[in-house]
Amino acid sequence: MGLDITVLVADRSWLARVPARGRIPRLRDAWYDDGTGLWDPGAPVAEEGWVRPGGPDGARFAVYEFAHTLGSFKAHFWAGQRWESVRDHVDPLLRDAVDEVLGGLVWDGPDGEARHTDTAFFGPDARGVLLALAPEGVRRLAAAWGRALPHLDRMRGPFAAHAAAPGGWVGDFDAFADLLGQWGHVLTEAARRGWCVVGLSE
């Protein structure tokens, strides 16, 4: 059984009502609350897109289900690996923008030192937290996504030449662009609301 990821967006002001160390537990408790309806036997399972919970805190957060990943972190990990293979073969403006997006989310960066948690807002890295971004970081990554999106198709040829892995996770450009686009959707929506983005592995 591999690593999983659940991506949530959450209201900063609601999280900020508790000290930094308590913010991830507060979100986790709200997500697991029986009142959300997410855990009811026979509850519909969304295969992709936003899931809006019920319950007392349901208006304070939402869950995003990535298409074609089955909740696994593998697709996100492999997107980083594919990017590692192709990034030296794309123009610098696109490279810088995608470096910023993936390096802020799921990729360890070219030197392996990328940080995915805003410890000033969320406190020290906690168990099961793959990423935790305060709204300032979300806005920065959303802006980088906005710079990358118009030029993303320029990567198609280099991806096919340097990063394609037929049959593998995120093995072609379309799969890579689709996953990156879903992250862009999450970032754009969270930035619009002024919310946080959190990725949990349970």
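Let me start with a definition: two strands pair if DSSP finds at least two bridges between them. Helices here are DSSP runs of H or I with at least four residues, strands are runs of E with at least two, and both are numbered from the N terminus.

Hello everyone. What we have today is a predicted model, where local features need pLDDT of at least 70, side-chain atom pairs count only at pLDDT 80 or more, and totals for chains, interfaces and linings use all residues. Residues are numbered from 1 along each chain as its sequence is written, and side-chain values use heavy atoms, with hydrogens and water left out.

First, the overall picture. The protein has eight helices and five strands. The C-alpha trace spans about 50 × 40 × 30 Å along its principal axes. For 202 residues, a compact globule would have a radius of gyration near 17 Å, and the protein agrees because its value is 17 Å. That radius is taken over C-alpha atoms, and the globule rule is 2.2 Å times the number of residues to the power 0.38.

How much of the protein is buried? Of its 202 residues, 47% count as buried, meaning under 20% relative accessible area with a 1.4 Å probe, protein chains only.

Now to the sheet. In what order do its strands lie? The five strands form an open sheet in the order β2-β3-β1-β5-β4, with antiparallel pairing. At the edges are β2 (49–51) and β4 (129–133), each pairing on one side only. On average, neighbouring strands are turned by 25° against each other, direction ignored; the axes behind such angles are lines fitted to C-alpha atoms, for helices over the stretch in contact, and angles run from 0 to 180 degrees between N-to-C directions.

Let's stay with β1, residues 6–10, for a moment. On one side, β1 pairs with β3 (residues 61–65) over four bridges, in the antiparallel sense. There V7 has Y64 as its bridge partner, and L8 stands opposite V63. With β5 (residues 196–200), β1 makes an antiparallel pairing over five bridges, and here V7 stands opposite G199.

Which way do the residues of β1 point? T6, L8 and A10 point one way and V7 and V9 the other, and all are buried. As for β3, four of its five residues are buried. β3 also pairs with β2, again antiparallel, over three bridges, where V51 has V63 as its bridge partner.

Last stop, a pair of helices. Two packed helices are described by the angle between their axes and the distance between the axes. Helix α3 (residues 74–86) and helix α8 (residues 173–193) pack at about 115°, with axes 10 Å apart. Which residues meet there? A75, H76, A79, R82 and W83 in α3 meet F176, L179 and W183 in α8, where contact means heavy atoms within 4.5 Å.

Contacts also say something about the whole chain. Among those between residues at least 6 apart in sequence, 67% join residues at least 24 apart.

Methods:
Buried < 20%, exposed > 50% of the residue type's maximum accessible area, 1.4 Å probe, protein only.
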